[in-house]
Every structure is written in structure tokens, then in C-alpha cells.
Amino acid sequence: MQEIHKSTVAVGIHWIEIPAAGLRVLCGCPADAVKHLAKRGLIIPSEINGVACETGPNAVLLSDHALQNGEFANLAEFPVLQMLYKQGLIVPGHPNNTGSKPILIGSPEQVDSQMRYIYRGNYGLVSREEMMHAGASSDEANMMMRLKLRFAFGRIRPTGDFLDTRYLGDAPIELGNGVGLQRLQPNVFEFTFRGEKVTVDINLHPNEHYQCAYPLGYHRFNPEYFSVIHSGEGDGWDINRPCMSSIVTHQGRIYLIDAGPRLSDTMSALGISIDQVDGIFHTHAHDDHFAGLTALMRAGRRIRYFASPLVRDSTAKKLAALLGVEEERFGDYFEVHDLTVDAWNDVEGLEVMPKFSPHPVESNVMIFRTLWADGYRSYAHFADIVSLNILRGMVTEDAAAPGLSTDAFEKVREDYMVAADLKKIDIGGGMIHGAAIDFRTEKSTQILLAHRASELTLEEKEIGSSAAFGSVNVLIPGQSDGLRHLAYGYLEAHLPGVPLHDLRMLLNHPVIEINPGAIILKEGEVPPDVMLLVSGHLEKLRTRDQLHGRLSVGSLIGGSALLDKRPSRHTYRASSFLRVMRLPANLFSTVVERNGLLDRMHRAADLGSFLDNTNLFGDGLQVAALGHIIDNATERRFSAGEIIEGKDISLFSIIRSGRAERLLGREVVDILRERDFFGEEAAVFKGPCLFRIRAVDETTIVQIPGEFLQNVPILRWKLFENCQQRAARIACGLDQSSGLPWRDELTIRVAHMDLHHKRILEIANVVAQNLYQDADRRALTHAFDALIAYTRYHFEAEEKLMALYNYAEADGHCQQHAEMVTQLSAYSKKVLAEKAPKKAAFVQFFDAWLVQHIHQQDLPYGEFLNARGVY
């Protein structure tokens, strides 16, 4: 009889069930994993002793990689919520609440990251100090903290109170009841039970992506002067629709309201490219409004992020926990614009007013308006509100008790009743969602009911309307051709310096629509015309070389092939409704030649073709960004055996021909071949380059100054993913017996300080790898300099954190920091003066220098912060 049952749920998601052991494991949990389980019948409504609940998993196996092919691989918030609340494992008095906790399984790094991310997803900002640091007044912080504690049933609890964890290292582990689990290789796992074995592989293959749980169809995008496109009406459990969200268009600009799971699929179905998005207005950081941020982080430029400071800080902390990075990195991917609550904020003529909305995490409802002939036209977006009946039950005049005052309740009720021309409201019900009945007498011109999985009741249908996915409410019709205006900007970027009359001549051609699925140019065909992509999603394929990417809006299709009089090297296929401007071949060539741009276009085509064939640049960049990169790129040749160092290692480099090896100390950690890259540590992330690069053969590299890459989020995102996976590979391959491995007893349970300590250990291990007879003095000096610089940075951050919470022992701690920097600087000079520096001596010094400091000084302040809810 088969003991272990395995099912493939979707790409990158599997199900393991062992009935005899009472174990049901969700293997892989990207966005909307719960919806995929429900679609497959692995989550169904049930009843135990007359109490309604759902079936589902009781354990989650995480991916070894936080990111796979640019997407979040681990988003356990909703699977955990389903287990705790929908199954009843944490619900008081529920038959399933037997004291057993759901299990989170994976590498220590991924498990700890998920525990911190779930913590921030549950609570957002967790103390008065965090709220005040984000800009709240003392009174505001007190009010919001009282309400947060009411939602949290009186106490903010660490995630470990309701989740068990199992760390999976190199050795097999037991999950309980005789079930064994081991990792065979990254993301390949073997379950064992009673002599039976089953293997699960949750890797995504190249060009493979997680799937959308529901069909979306295809929709035409028509920009209007002021309109609302309905991009989601469901909730986080709705298996047929995207989560509640909207897209606001204003004067040709496109703004998202929230970013739910599978945002890239949503945008593709609507015929809008991510690069067309001008900004996002963010209401709060629950996953069904947050998980799509990665799609925006993979844009060709930093998209503007609009939110109140409290929502912004809550979001940044959750994203940092999820990715294992510092909160400050949020600004690397978004152009942050703080909104003032209870005031009109002018965003290029579109005015927005956020208002405080009670929720377990920091949240705002938002009202948008723009001036028109008969006054303002307005749209109100009320996501994740709370029913007034539930909120009224939280009222207490005891200023020390969790809840809110009568005055605070009346302010929320008054804000909820603000009328608009169009108003979309959450009526999901329950403790943290709204109720349609509250809006029965509200005076908005049209009310839309959203954020629920079930059908509207008859009473609800009397109160408000529904909106189908992709439907549009036009508040002010557009009279100008917004797409043609976009086309002008794209052509100007392709053809710099071309006079206005030539651009107008090219623009005087029709913008045509192309249906989804249509091939517009095949590999091997000579293009009859040049096509300018104005709107929509276009795939670029050459499967024989495993190349697959998407073109950015503004791209020219067939331009380089036409100028070079050669066939196309790729196939181009519409993956949504497209709008393209077809430019006659002869006319385009004439404009290029008579304006002296032929050489530039040839160079751009040559280098652009090479970059297009790399995984890094394969998804296409915005025209202007790619133009800056190509105009400033240079090529360098290195002889076999030559070390690439000095200025050359500070530039971002891609190997065009030849091979090179990456060295850590004397050890070769990997071989770089054509289209591989290096130098991102210094050029893009402004950190120390801890590796040496040596040419194996005669090698040609393309060098790009980092300033032309730093503000291109899609490149930063891919480089970050690559760095994470490379670090994991190198860590696995190195001999840790004589180094400085991270140990669980070093954690102080304060996420970003643990992150800093791990980074210090990483750099210290690089120092150790460079300590050997006849060591490369330049590499060793560079490693020591990096260790000293990062130590100073860490100590400054630690001192600010202690000051924020008025830690009583801060003065003595800070004094010890100053002494430690002096000790490290002196030790580095001593080692660099030695003829034969010894690794063992450095390891002994480091243990006394930092490890003992963590045990003796940092653990106490960690306990102090943990007691205040900071983890």
C-alpha cells in the first residue's frame, strides 16, 4: 500500500500527503499557492463536530532560494493564515485547535526570513517608537498602538508562538511520526516513510515562471483623461479573480492602487506594460496588496511609490524581512514620495488624500480627485476597512486598554462616509473587513462592492454595483491621442538630435492594433517595415539558444535588421493586445542616414544584440536607459593569466569572448564564460569587491560604469538574485572547518542586526581566505578595508537603534564600539606587515573581538528589544 502521496499542483508547487503520519506538506509557496491548492481540491470546506472549517496543509516546505527567475519563491503569509484561521488551528474553542502548530520547513536563512516576514505581515510596525520614527506624534502613536493591540487580542506575539520550525541543513531531519526529509541538492528534496521514498523538485527551470491561478483573458487599454480600470475585485482567497485593486489613468499617466499577487499577469491581460506605470499608491502591506511589488521592482526605471510614511515604513520592513536586506534598500527600487494624511497631496494635477483606516497593519483609505469644468471629479478606494459594528465594539474610554476612544471611532465613521463620484469599498466581512450595510445611505454617485470571494447577497446588490475584471469607469473622457504622445517620446530617445519636423513626419503614421498571440516577425524574415511598440506586451524568442524575454514599450522591432539588410534574429509574438506604429522602411532609413545616426544605430544594434542575448538584459530596458548604457559602454581585452583589478574591477563587466576565473583567496570559486558578468558589488551595490578575477584565455569584456545601471530596478533585481544564489553556492563549496561559520547562538533575534553580523562574518571569511604564504597584498588590504568600513557602518546603525529605544546600557556599549574599531585597525596593520600571515591567528582574534562582543553585549540589548516586540 502506498504510504506517500505526491501531487503536482502547479509549476513550482507540489503536495505531499502521508495519511498514516498525519502530515500534509505544501512544497513551494509562491504567490497564490493557497488558491492553487483550492483549485486542485486540496483545500475544501469541511465541518468538524458541527463547526465549519477547511482542509489543507499542516506544513510548508520552503524554496532554498528567496527568488526564482525574478519572482518571490516564498510567500508563506496566506498559507499560514489558512492553517491558523481557516482550518481553525489557532481559533479558541475550535475542534482543530489541539495545541499542535503548523510547521515551516527549510534552510535556516529562509525559515528565519519567513518568520520575520509573517511577523511584519501580522502586525506591521510593532511599537510606539517605530511609529514615531516614521513620523507619528506621541498621541497618534498611542492611539494606533492601542488599536493594534485590540486587533492582536491584547498582545503582539512572536511568530514562534503559533508556528513550529524545522531547519533543514545538509543532514537528514525527522519531521515527526517517522517521516524523514533530506535535501538532495538545492530545491530537490526526498521524503521517507516506512521504507518508501519520494523526491520533490521545486526548482523553476530557465524561462519558467509561476502560474496564475485563474484565467484573465485579454483586454484593450485605452487611456482616458481620468478613469478607473478595475484590475481586481476579489480577496486573498478568491480562486477566480485577482485581489482588490484599481488602476487610475490621469492625463496620460498610469497609476496603480496596490500591487496584489500575479501583478505581471494582471497587467499583461490588461495590455499595459509595467514600464508604462508612472507610480503606485499603496494602502497597506498585507500580501494580497503587497506581493506584486516585485513586478514593479523589475521595471526599467524606479517607479514612484506614494504612501503615508507609516505605510511606507511598514512595507519597507516587511520587504526587507522577506529578502533578507536592509530597509534602506527600498529606495533603490522605488522613487519614494510620502503622502500627508488628511490633506490633499498634488501629484501632477491628480490630488490624493489618504485617511487613517483601522487595520492590524498600518493602512489608509484613499480619495482621488481632479479639477474639471463643473468642479472636481473623484474616486474613493477603500481597501481593507473594518465594519462599523465591529469597530464600535472596540470602543473604550480606558486610555490604557486596547481599543479606541469614542472620538476616534467617530472620526473613522465620518471618513468612511465621504462621498465620491465613484467609490470602491471592501465588504469582505469578518473582524478586519467592511460591511456593505454601513454604506446603505452613503451619498456617492456609484458604489462598487469588492474584496470578497462569494457572490453578493440580495441586500448587498441593492446597495452597490459590481465591476468585472478589465471594466472601466470613465470619469473624464480624453480628447487627445495619448498613445501618439508616448510614441513621440520613444522616437526622440531612439533618434537623438533629429529635428522636430522629421519626428513629426515619422509620427504621421497610424497606430495599429495587433491581437494577442499574433506573430509579428519571425526569425529569418527580413522586416518590410519598422514597428514601434507603443503599448502592450511583446515576447522575443529564440528557443534554440534558450532565449526568451519581453520587449519594453518604446522598442523598435526590425530596426537593426532593416539597417543591416539582414533577416531578424528573433521571433516576436504578441502576448497581449498591442498598439504599434508602423514606420515605412525607406522613410525610416532616410531619416537615420540624413541625420548622421547610421553609425550610432549600427553600434547600438551590435552591442544591443549582444546584451539582448544575455539573461541579464534579455527582458528589455526602457529606450532611454538602454541608450545611456550603450553610449557609455566600452570594450577591453585582457591576456591569458592577467588579473583584472584596479579601475577595471570597479566597473560592471560582461564577458563578450573568452573565459575568466573568480578567485576567493587562492581558491577558484567559479569559471566565467561568454555572457557571464562580474563587478556588480562595487559598480552597482557600492560595496567592496571581495573576489579577484583572472583571465583564463584572451578575454574581451564589455565595461559599463555603474551609474548607468544603479537606477534600473530590473537590473538591480536580477543582480541581487544572482548574488544571493552565488553566495549560497560558494558557501556550500568552501571548507568551513577553518573559517568563521554563522552559528545559531550568534543570533540576537533582531533581524537587521543579525543581517549585519552575518555580513561581517562573510567579509571576515574573505579576509581569512586571503591569509596564506605569499598572499596577494592588494586583495588582503582591500578585504581588511571592507571589514573596517562595514564594521563602522554596523556600529552606527546599532547605536541609532539603541538610542531610538532609550537602551540604558547604550553609553557603555558605544564606548566599546569605538575601542573595537581601534583594535581592528591596529590588527589589520599588524597582519599586513607580516611576511606570512596566518589564518588560524586571525580566526582566534576575530572570535575574541566580535563573537564575544555579540555574546556579552549584543544579546542583552536584543532581549531588551524583543521584550518591546522588536525582532
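Asn-69 sits in the loop that joins β7, residues 67–68, to β8, residues 71–72. In this predicted model, the phi angle of Asn-69 is near 50°, a positive value in a residue that is not glycine. I draw attention to this because most residues other than glycine have a negative phi.

With a relative accessible area of 45%, Arg-749 is partly exposed, because the exposed class requires over 50%.

Let me turn to the protein as a whole. The secondary structure comprises 25 helices and 43 strands. How does the radius of gyration compare with that of a compact globule? For 871 residues, a compact globule would be near 29 Å, and the protein has 28 Å, so the two agree. The C-alpha trace spans about 80 × 75 × 65 Å along its principal axes.

Of the 871 residues, 57% count as buried. Among contacts with a separation of 6 or more, 72% come from residues 24 or more positions apart.

Finally, the surface and the charges. The protein exposes about 34500 Å², of which carbon and sulfur atoms supply 49%. Its side chains include 89 positive and 109 negative ones, and the centres of these two sets lie 3 Å apart.

Definitions and conventions:
Residues are numbered from 1 along each chain as its sequence is written. This is a predicted model: local features need pLDDT of at least 70, side-chain atom pairs count only at pLDDT 80 or more; totals for chains, interfaces and linings use all residues. Side-chain values use heavy atoms; hydrogens and water are left out. Helices (H or I, at least four residues) and strands (E, at least two) are DSSP runs, numbered from the N terminus. The radius of gyration is taken over C-alpha atoms; the globule rule is 2.2 Å times the number of residues to the power 0.38. Buried means under 20% relative accessible area, exposed over 50%, partly exposed in between (1.4 Å probe, protein chains only). Contact means heavy atoms within 4.5 Å. Accessible areas come from the Shrake-Rupley method with a 1.4 Å probe; for residues, only the protein chains shown count as cover. Lys and Arg count as positive and Asp and Glu as negative; His and the chain ends are not counted. The place of a charge is taken as NZ of Lys, CZ of Arg, CG of Asp or CD of Glu.
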